Structures are given as structure tokens and as C-alpha cells.
Amino acid sequence: MTKINSLCVFCGSLPGNHPEYSVQAALLGGYLADHHIRLIYGGSSDGLMGTVANATIDAGGQVTGIMPRFLKRISTESNNLTDLVEVSTMDERKEKMLAMSDAFIVLPGGFGTFEELGTMLSWSKIDIHTKPIALFNIDHFYDSLWQWFVDAAESEFLPLSDLKLMVNASSIDQIFDYFATFKHVTAMPHA
């Protein structure tokens, strides 16, 4: 059983073209505030990142942004965060997010979101961390990615057990039900 006091959200710095992405991001922010779970995220007020952070703050929640200094020049920093942690590199950002979070939720996003998911999955697989990961598959956004994971397992590029390192969830309740019962199963020695 995993106790969630702080949760890292990875998601797009753009809002996407489907209103449901923003609707669910805002609902997630409200859920975090209502359940006294601190949001850890990338620090921007842009796109889905801003939506989930603003919804958490508006509902009375605590929000910590983690932003590399160089991104402050090209990203709109949220100015009403509980805390803003500045780091030097993207790798340092991910390490700080890992250290400060009890679990991860991945909302729709682009290359950066995909890279963050890949890092956390890889680190889980080799036991750098033992924290739960959830794909928030809003409006089937992650269906093709999940199928790729299944295909990779069926093609024996990863053990089927690796699919248990995360959940493919379509609702906030499904995500937190998974978190409530999550037990990390080491995937070693097959890295």
C-alpha cells in the first residue's frame, strides 16, 4: 500500500485540441487539493501544466513547481505557487521530482511528457524507485502507446510483468484505486 502525500504530474505545456484534456486536468487538481496531496510539476502556467496547477491552487491545495533556469526564458512561470524550485538541467529536474514525489500521473503531452514517462518507467524497472505510475488515458489519448507496450512485451523486448509498473487508467478514481493497492514488483535482473 502506497501513501500519497505528494504526487508528480507530467503533461503538456500546450492544452491540446480536445477540451476534455483540460477538464480532466482541472478535476485532477481539485482532487489533489481535496485529498491534501501536494502537486509536484514542471512549474509552468502554460497548457495542461498550468491547468492542473491553477486548479490545485484555486481549490486550496499546495503546489511545488520545479523548473530549469533556462526554461524560464521560454516558458511562462506560474507566479502563485506554494514553492518554486529552480534547477540547472532537465535531468536535475527529474531527479528532484522523483525525490519529492510518492507517485506519478502522466496526462496527455508531447515529447517532454513522453521522455519523463520513459525515464520514470526505466528507473522503476531497475529499482531506482518503487513508486506507482499512472497513464491518465483521457479520451483514449494513450491507446496507441499502450498497444506499443503490449506489442513490445509480446515481441519479447520486455517481460509482460513490466506492464505492472504502471496502470493505463481512464479516470481519476481508477488511478487512485491502483495507487491504494500498489506493490512494486522488482523487474530485475532483466534491464
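Buried, in this talk, means under 20% relative accessible area, exposed means over 50%, and partly exposed lies in between, with a 1.4 Å probe and protein chains only. By that rule Cys 11 counts as buried, because its relative accessibility is 7%.

Some ground rules. This is a predicted model, in which local features need pLDDT of at least 70, side-chain atom pairs count only at pLDDT 80 or more, and totals for chains, interfaces and linings use all residues. Residues are numbered from 1 along each chain as its sequence is written, and side-chain values use heavy atoms, with hydrogens and water left out.

Let me stay with the cysteines. How many disulfides does the structure hold? Zero, where a disulfide is a pair of cysteine sulfur atoms within 2.5 Å.

Next, helix H1, residues 19-34. Helices here are DSSP runs of H or I with at least four residues, strands are runs of E with at least two, and both are numbered from the N terminus. H1 has 16 residues and reaches 23 Å from its first C-alpha to its last, close to the expected 22 Å. That expected span is 1.5 Å times one less than the number of residues. Just after H1, His 36 takes a positive phi of about 55°.

Which residues of H1 are buried? Among them are Tyr 21, Gln 24, Leu 28 and Tyr 31. What covers the buried residues of H1 includes strand E1 (6-10), helix H2 (47-58) and helix H6 (172-181).

Take Gln 24 as an example. Its relative accessible area is 14%, so it is buried. Gln 24 touches Phe 136, Ile 138 and Ile 172, leaving out residues up to four places away in sequence. Contact means heavy atoms within 4.5 Å.

Last, Leu 117, which is found in helix H4, residues 111-125. Is Leu 117 buried or exposed? Buried, because its relative accessibility is 2%. Aside from neighbours within four places in sequence, Leu 117 is in contact with Val 106, Ile 133, Leu 135, Leu 145 and Phe 149. Val 85 is 32 residues from Leu 117 along the chain, and their C-alpha atoms are separated by 21 Å.
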